[in-house]
Amino acid sequence: MPCAGVSGTRWNGHAGNGGDDRIRAADGVPGRSMPVRVGTFWIVPVLSREEFDAIEFGAAFSGDHEAAAQRMSRLAVTGTQTESMPRAEAFLRAGEQWLLADDPAAAASGFRLALADGGPVFVDPRVPLARALFLLGKQSEALGLISTLKAEGRSDPRMCDLVAELLVERGDLAGALDWATAGVELCLDDRADAARPGPRLVNASERPGRTGTARDGADELTLLLSLRYRIRVDLGLPEDDYDRLLDAAPGEEPEAQLPGDTGTAGSRVLRVVSESDS
């Protein structure tokens, strides 16, 4: 008897069609890409972080982001969400693939679905939605989303990083600097809170706007400091205490640099040159 796990075909022996009730699921993944009727049962896909990671990896290798976006979108609509892979995140990741496929309209639809779902996500869907709206020429709507995010209170360094990068791409260096600085201050506040003796009522990762998939705090701080420094260089601004945090020796925590210590700008210059060349 053929093996469904090998052939990619799901079998059942329903007598109504001679015992040959084969179902080949879409995309060659048995029973995972779309709900399929088998006899009197429905085979419903289960949303899996590992599967979405595999789809993203395949798209990065092949360059076929449209196929990845279509597959993710089908899964997001038909799949059963799990604790490790909420439906909102599935819509969000599908939207990101649509952006990579140069289809901002489809991307915006995915991000709006993630917003409507309201489930947990790794970043507020309004950030990539603003990017899609900019690409669609809807600048006022995109800026309105960013203004709303700021008015609600910035609480997630990763979101600050992404908005700052988006504004750099749009040529709004002053706005980008504001968001990058806010992100740096959030990271430093988290670090100061972690170093404070005594019990803490709320962990940084549990504060409103934070998610369990955020980058490590030290990594996020380094990225924000580097981005902020590059923006300030482009604006012709002199270095400040936050810029000097980047001069910590490799392996040291950024706060090891004493406030007011001028240090050396050599490491920052090399960093900026290497990033601009990449």
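Guide: We begin with pLDDT, which is the predictor's confidence in each residue, on a scale from 0 to 100. This is a predicted model, and the protein averages a pLDDT of 76, with 65% of the residues scoring at least 70.

Visitor: Which elements of the protein have the lowest and the highest mean pLDDT?

Guide: The lowest mean, 37, belongs to helix 1 (residues 4-7), whereas the highest, 98, belongs to helix 6 (residues 126-135). Over residues 1-34 the pLDDT stays under 50, although the model has 58 contacts beyond four places in sequence for that stretch. Residues 199-215 also have a pLDDT below 50, and this stretch has 26 contacts in the model beyond near neighbours in sequence.

Visitor: What pattern does the protein follow when read along the sequence?

Guide: The pattern is α-β-β-α-α-α-α-α-α-α-α-α-α-α, made up of 12 helices and 2 strands.

Visitor: Why is Gln-70 called partly exposed?

Guide: Its relative accessibility is 36%, and the class in question lies between the cut-offs of 20% for buried and 50% for exposed; Gln-70 therefore counts as partly exposed. Gln-70 is found in helix 3 (residues 65-78), and its C-alpha atom is separated by 8.3 Å from that of Trp-98, a residue 28 positions away along the chain.

Visitor: How many residues of the protein are there, and what percentage of them count as buried?

Guide: The protein has 278 residues, of which 40% count as buried, that is, they fall under 20% relative accessible area. The accessible surface comes to about 14,700 Å², and 55% of that area belongs to carbon and sulfur atoms.

Visitor: What makes a set of residues a nonpolar core?

Guide: The members must be buried residues of the listed kinds, such as Leu, Phe or Trp, and they must be joined through side-chain atoms within 4.5 Å. The largest set of this kind has 49 residues, and those with the most contacts inside it are Phe-52, Leu-92, Phe-111, Ile-146, Val-163 and Trp-179. Helix 4 (residues 87-100) supplies the largest share of this core, 7 residues. Another core, of 8 residues, lies apart from it and includes Val-184, Leu-224, Leu-225 and Tyr-229. In soluble globular proteins, nonpolar side chains tend to be buried together.

Visitor: With which residues is Leu-92 in contact, leaving aside its neighbours within four places in sequence?

Guide: Leu-92 is in contact with Phe-111, Ala-114, Val-121, Phe-122, Val-123, Pro-125 and Pro-128.

How values were computed: Residues numbered from 1 in each chain as written. Predicted model: local features only at pLDDT ≥ 70, side-chain atom pairs only at ≥ 80, totals over all residues. Heavy atoms only, no water. Helix = DSSP H or I, 4+ residues; strand = E, 2+ residues; numbered from the N terminus. Buried < 20%, exposed > 50% of the residue type's maximum accessible area, 1.4 Å probe, protein only. Areas by Shrake-Rupley, 256 points an atom, 1.4 Å probe, with all protein chains shown as cover. Contact = heavy atoms within 4.5 Å.
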